[in-house]
Amino acid sequence: MDDLENPNEPIVQASRRVIHVAVRVLSVLMTLVILWGVADVVWVLYTKLMSPPRFMLTIGDILATFGAFMAVLIAIEIFVNIVIYLREDVIHVKIVLATALMAIARKVIILDYDAVSPEYMWATAGVTLSMSIGYWLVVSLEQKEKLGNGKD
């Protein structure tokens with residue numbers, strides 16, 4: 001048996017401790033990013049609403065605000081990924097795919113359709129479709145496994 005697969009191997013144990021410390025640091029940093037993102041959303045909304053004409057938002061302002069909200073939500077999803085990794089020491093493909101789908105949705109929401117080429121639109125559609133299919137497959141497989149385990 002390879003020593004790296006042995007959980008009792010000292011180098012493996014030391015490496016796992018270092019990785020867990022790194023992940024904890026990332027969780028603290030991601031918390032700060034989330035707080036800064038929320039502060040940025042508040043600040044942008046405040047400045048847009050206070051500039052003449054007061055209390056009016058253009059469609060561009062609204063779309064930019066949606067993009068900022070989605071960026072904070074994506075940061076929260078990444079934080080959830082980090083926390084789950086700390087708890088279970090595995091990467092959950094379903095959550096990673098959900099986070100990626102949220103990022104793609106953000107891109108689609110804030111996309112300026114007049115400024116992008118048709119190739120970019122097709123590429124975005126392809127990525128969205130493939131990520132959606134991947135997510136659907138993971139969820140379907142997970143449900144089949146739950147049903148299979150329930151019959152035993």
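This is a predicted model: local features need pLDDT of at least 70, side-chain atom pairs count only at pLDDT 80 or more; totals for chains, interfaces and linings use all residues.
Biologist: Which residues make up the largest nonpolar core?

Modeller: Think of a core as buried nonpolar residues joined through their side chains. Here the largest one has 8 residues: V23, M30, I34, V41, V72, A75, I82 and Y85. Two elements, α1 (10–50) and α2 (59–88), each give two or more residues to this core.

Biologist: Take V23. What is V23 in contact with, leaving aside its neighbours within four places in sequence?

Modeller: V23 is in contact with I82, Y85 and L86. Of these, I82 and Y85 are listed in the core along with V23.

Biologist: Now the surface. Which residues form a nonpolar patch there?

Modeller: The patch consists of V21, V25, L26, V28, L29, L32, V33, L35 and W36. Together they have about 850 Å² of accessible area.

Biologist: Where is V21, and why does V21 count as partly exposed?

Modeller: V21 sits in helix α1. V21 has 48% relative accessibility, so V21 counts as partly exposed.

Biologist: Let us move to M121. Which helix holds M121?

Modeller: M121 lies in α4, residues 118–150. Its relative accessible area is 29%, so M121 is partly exposed.

Biologist: Which residues does M121 contact, leaving aside neighbours within four places in sequence?

Modeller: Look for L111, Y113 and V116.

Biologist: How far apart are M121 and G60 in sequence and in space?

Modeller: Count along the chain, then look across the model. M121 and G60 are 61 residues apart in sequence. In space they are 20 Å apart, C-alpha to C-alpha.

How values were computed:
Residues are numbered from 1 along each chain as its sequence is written. Side-chain values use heavy atoms; hydrogens and water are left out. A nonpolar core is a set of buried Ala, Val, Leu, Ile, Met, Phe, Trp, Tyr and Cys residues joined through side-chain atoms within 4.5 Å. Buried means under 20% relative accessible area, exposed over 50%, partly exposed in between (1.4 Å probe, protein chains only). Helices (H or I, at least four residues) and strands (E, at least two) are DSSP runs, numbered from the N terminus. Contact means heavy atoms within 4.5 Å. Patches are made of residues with over 30% relative accessible area and no salt bridge: like charges are joined within 9 Å, nonpolar side chains (Val, Leu, Ile, Met, Phe, Trp, Tyr) within 5 Å. Accessible areas come from the Shrake-Rupley method with a 1.4 Å probe; for residues, only the protein chains shown count as cover. A salt bridge is a side-chain nitrogen of Lys or Arg within 4 Å of a carboxyl oxygen of Asp or Glu.
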